[in-house]
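Here is a structure to explore by question and answer. Take a look at it first.

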Amino acid sequence: VGDNVGDVAGMGADLFESFVGSIIAAITLANGDITLIMLPFWISGAGIIAAIIGFFAVSCKDDAGQKELMFALHKSTIVSSTLVVGFSALIVAFLFDGRSKEGWEVFGCIVIGLVAGVLIGQVTEYFTSYSYWPTKSITDAGVTGPATVIIQGLGVGMISTVFPVIIIVATILGCNALSGEYGIALAAVGMLSTLGVTLATDAYGPIADNAGGIAEMAELEERVRDTTDALDALGNTTAATGKGFAIGSAVLTALSLLSAFTDKAGLGNVNVDIGEPVVLAGVLIGAMLPFLFAALTMLSVQKAAGAIIIEVRRQFAEIPGLREGTAEADSDKCVAISTQSSVEEMVLPGIYAILSPITVGFLIGPRCLTGLLGGAIASGMMLALMMANAGGAWDNSKKYIEIEGAKGGKGTETHKACIVGDTVGDPFKDTSGPSLNILIKLMSIISLTIAPLMEDDDDWDSWYYGLIPLAAMLIGTYLVYHFFWRDVADITAPVGVEKMEAVKDEPMSATKDEVEVGNDGAINQ
């Protein structure tokens, strides 16, 4: 259930938001030019056709390795991207009749965006697939225990930010030189034009994972499970690739929306100097917000997981025959806990994402808000890339042992250490990392929405209006704490004490020392 919700529905909503946001930014920056307004819609339509044709390019042989399986999916991306380039050339030639120079400059931006998307996917694959050194190095680090797995994974995640940043910077500078701010927005449209294929490869991961789960629960022969394991490992890589693509497109979209905001807020002719205290203060606030957002989502994962663990312990204690395998567990209850927790835990991050730009924009001014958006985009991209890639690498370092039999295969101390890394990596790559895309885009689109209300405002001109969202943010924080956080369930508390007495030979709780000594065994069990 979780994989379907996260990597299909959640990522689909994220990329859809990027796609729509990039089109909105391009329309806004077109400044009423009907040809420039029409172009992103034509490119998007061409991308749909190209993605459908690209689907037929996917094929591979039996007994294919990870690289062959990955190339089978890459073929569809290459075919659809090539077709978009051809369609775009025809569209530009048709729409820019008599303005051919401007048309081909815009075409260059579309191509740059497409190439940037493909390159970010390749870089992400390198850092998260166990066919390459970075993920293998995490498995090697597992020889000395879980701590070194975590350290190595964080290092791989941090260094994986370098090349995507270079690609995005080159895209921004190249498109700006060709067609200005509109060119950057159109590069985002071009990057997202093959969304049909990109989202399909991302959704492939949960499909393969669920197939493996079905094979395991149905107790099918080992050969089937081996096949689904190989496809599942590929799915981890495609999911990481999809997340890298989503982050890159989110940054370009947010940057385009930032340009549209400065235009609508009357800052187009004003020099927003980062050396000015008001602007720098906004940058610092913006750079902090992704860390706050990531922290809240990470803590929420721990809180929700703790609630599910308590429920599982309760069922073991209270449902007769569950330990012996003669009774059915109430899995629906666990799904309900997770669903309710996810909704409750999104209230506070949502409040901060929506009200932060409104508060800063009205309380201080549009220049400070510009700094806030710039800081959030910069730090949000770094943190999102680091978390998504580190999580994917941790996951596949475990798969490398399970599928290829590296370091002695399953059940070894190295395998147990990598399981710990995978446990840390899941909230990194599936919760906190992808959520930052939504943060930077949501704050950018809200800023663009309120921009006309602060047009030509100077610093502190409307400070009294800013007190209203600030008060709402403080009240919302208190209410969330009061209703959702104050009475957090104690995971160490005994459950079903009377019935636990009957199963003393299989204790449900342990002392701190026993947990430390037996942690790997518990995970293995």
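The questions below go from the whole chain to single residues, and the model is predicted.

Q: How many helices and how many strands are in the protein chain?
A: The model is predicted, so local features need pLDDT of at least 70. The protein chain has zero strands. Its helices number 17.

Q: What is the radius of gyration of the protein chain, and what does the globule rule give for 525 residues?
A: The C-alpha trace spans about 80 × 60 × 40 Å along its principal axes. The globule rule gives 24 Å for 525 residues, and the chain comes close to that, so it is as compact as a globular protein of that length. The radius of gyration of the chain is 25 Å.

Q: What percentage of the contacts with a separation of 6 or more is between residues 24 or more positions apart?
A: Of the 525 residues, 50% count as buried. Contacts here are those in the protein chain with a separation of 6 or more. Residues 24 or more positions apart account for 83%.

Q: Which helix gives the largest share of the lining of the largest cavity?
A: A search of the whole structure finds one cavity of 30 Å³ or more. Its lining residues are Leu289, Leu292, Phe293, Leu296, Tyr352, Ala353 and Leu439. Helix H10 (277–318) and helix H12 (347–363) each give two or more of them. The largest share, four residues, comes from H10.

Q: How many nonpolar, polar and charged residues are in the lining of the largest cavity?
A: The space in this cavity is about 30 Å³. Its lining has no polar and no charged residues. The nonpolar residues number seven.

Q: Which helix do the buried residues of H15 pack against?
A: Helix H15 covers residues 463–485 and reaches 32 Å, close to the 33 Å expected. Its buried residues are Gly466, Pro469, Met473, Gly476 and Val480. An α-helix has 3.6 residues a turn, so residues three or four places apart point the same way. The buried residues of H15 pack against H12.

Q: What is the phi of asparagine 31, a residue that is not a glycine?
A: Asparagine 31 lies in the loop between helix H1 (2–29) and helix H2 (34–55). It counts as exposed because its relative accessibility is 60%, over the 50% cut-off. Its phi is positive, at about 55 degrees.

Q: In which loop is tryptophan 460 found?
A: Tryptophan 460 is not a glycine, yet its phi is positive, near 65 degrees. Its relative accessible area is 48%, so it is partly exposed. Tryptophan 460 is found in the loop between helix H14 (413–450) and H15.

Q: What distance separates the C-alpha atoms of alanine 218 and serine 259?
A: Alanine 218 is in the loop between helix H8 (195–217) and helix H9 (222–264). Alanine 218 is partly exposed, with a relative accessible area of 45%. Serine 259 is 41 residues apart from it along the chain.

Conventions: Residues numbered from 1 in each chain as written. Predicted model: local features only at pLDDT ≥ 70, side-chain atom pairs only at ≥ 80, totals over all residues. Heavy atoms only, no water. 1 Å grid on protein atoms, 1.4 Å probe; cavity = no way out; pocket = protein on both sides within 12 Å on 5 of 7 lines; lining within 4 Å. Points joined across faces, edges and corners; volume = space filled by probe spheres on them. Nonpolar A, V, L, I, M, F, W, Y, C, P; charged D, E, K, R; others polar. Expected span 1.5 Å × (residues − 1). Buried < 20%, exposed > 50% of the residue type's maximum accessible area, 1.4 Å probe, protein only. Contact = heavy atoms within 4.5 Å. Rg over C-alpha atoms; globule rule 2.2 N^0.38 Å.
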